[in-house]
Amino acid sequence: MTTRVLCTFGATYAGGISRMMVDGLPHLSRQPGIQLKLADLYDRESVNSMFRDAGMSIVNAGVKGVPYMSVRNGLAGQLDRVRALPRHVLMARRLKREAQRVDVVYVHTYKELALAVWSRVPPRSGAPRLVWHCHGLDSIPPFTAQLAGMCARVIAISGTVADRLTEIGVSRNCITTVVNAVDVERILIAAAQPSSSPLPAKDTLRVVFVPTASIRETKGIHVLLHAVREVPDIAVWIAGDPLDRAAEGYAKHLRTLAQLPELIGRVHFIGFRHDIYRVMQAADIICIPSVYREGFGLVAAEAMGLGKPVIVSNRGALPDVVQHGKAGMVFDPDRPQDLTAALQRLTADPEYAHRLTAYASSYVRLRFSYDRWANTVAQVLREASSKVSGRELVRQAPKKRSWHTVPKAMPTRVM
């Protein structure tokens, strides 16, 4: 039996969601019994051609335009959102049209989830089922639990994300945890390509690289800079979009720190990099010093696949991805001295660093394979095609039955 799936794409920058979908959806489309079509919400030819080249079917359910509602704050930002409303109404209508031709609508970002519900995909009898692949909850947007309650299934990318979903009221029975995957061979090929722009000279220093898409305070880069003050034989490369207005104040703070006497000349801001794997390959150590609860930490797994020593904070799913002392090192960002000690050990004990990377290379291929990922996601989509959503369960309960008599395996409240 074939399960027809419409997958929406609403990612607006080259972060973890984009990488997972670009690498993962072609694998998913080749799973037995899965007929997958993709709809970019913003009808970007660059996105459509990328997936078309991967052999996927593309449908037109998007609306051309900038892939965000506003980058401004205050009243100006509110006006931008009002102006964007008609475009998103049209987007929801087109999504509804395409959804009528499939069994499951498979969404990823919060915006995609909201649009799918707004377009009334569920819970009408005979309508396609909705599956939300939750890639993390940096913040909790309005009505997240209620929207999740409209889904037949919710996929969490880690135990951390699954726990967060239950904390906000999503039924545990609705959640399936499917950890992210890494295409190691593709990453190694990309890492071998020439750099798209010059990198800072390494001289005799060891390079610690922070591979971010956007320089934001939650990334904890300031923690690393404070730690590196005590390790004079290390240079720091910081990637990230220098034009990100939301991070403008933090980037300025980091540049001020970089001018401290202990750091001057050792901190380099290298901007947003399309050749991120090449830069990671050129570095000696990869550091993810996040100060917030990371949903997964895909870049840590990618660095491990490249055979690089990895140091991560103990926030969110990062410790589970890295496994302290086996595939990498974990520190508490509230104790920068612990990060200092980790950096000192990796630079002073190359044998220890080699043991970490040797274990990590095989561990990544075993635990984070796309075959495992695609097979599990396909199974969730198949099950969802015949499963009712939480809201439907409540509506289908006999009128004489009180809410307290609904079986425990079913959601017991109206979302």
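**Notes on the cores and the sheet**

1. The largest nonpolar core holds 102 residues, and those with the most contacts inside it are Leu25, Tyr106, Trp132, Leu165, Phe209 and Trp373. A core here is a set of buried Ala, Val, Leu, Ile, Met, Phe, Trp, Tyr and Cys residues joined through side-chain atoms within 4.5 Å, with buried meaning under 20% relative accessible area (1.4 Å probe, protein chains only). Helix 15 (residues 370-384) gives the most to this core, eight residues. Helices (H or I, at least four residues) and strands (E, at least two) are DSSP runs numbered from the N terminus.

2. Keep in mind that this is a predicted model: local features need pLDDT of at least 70, side-chain atom pairs count only at pLDDT 80 or more, and totals for chains, interfaces and linings use all residues. Residues are numbered from 1 along each chain as its sequence is written, and side-chain values use heavy atoms, leaving out hydrogens and water.

3. Now Tyr106: leaving aside neighbours within four places in sequence, its contacts (heavy atoms within 4.5 Å) include Val5, Leu25, His133, Ile155 and Trp373. There is also a second, separate core of 32 residues, with Tyr250, Met329, Phe331 and Ala353 among them.

4. Seven strands make an open, parallel sheet, ordered 3-2-1-4-5-6-7; strands pair if DSSP finds at least two bridges between them. Strand 3 (57-58) and strand 7 (175-177) are at the edges with a single partner strand each, so one side of each has no neighbour in the sheet.

5. Strand 1 (residues 3-9) and strand 4 (residues 104-107) pair in parallel over three bridges. Val5 has Val104 in strand 4 as its bridge partner.

Key:
Buried means under 20% relative accessible area, exposed over 50%, partly exposed in between (1.4 Å probe, protein chains only).
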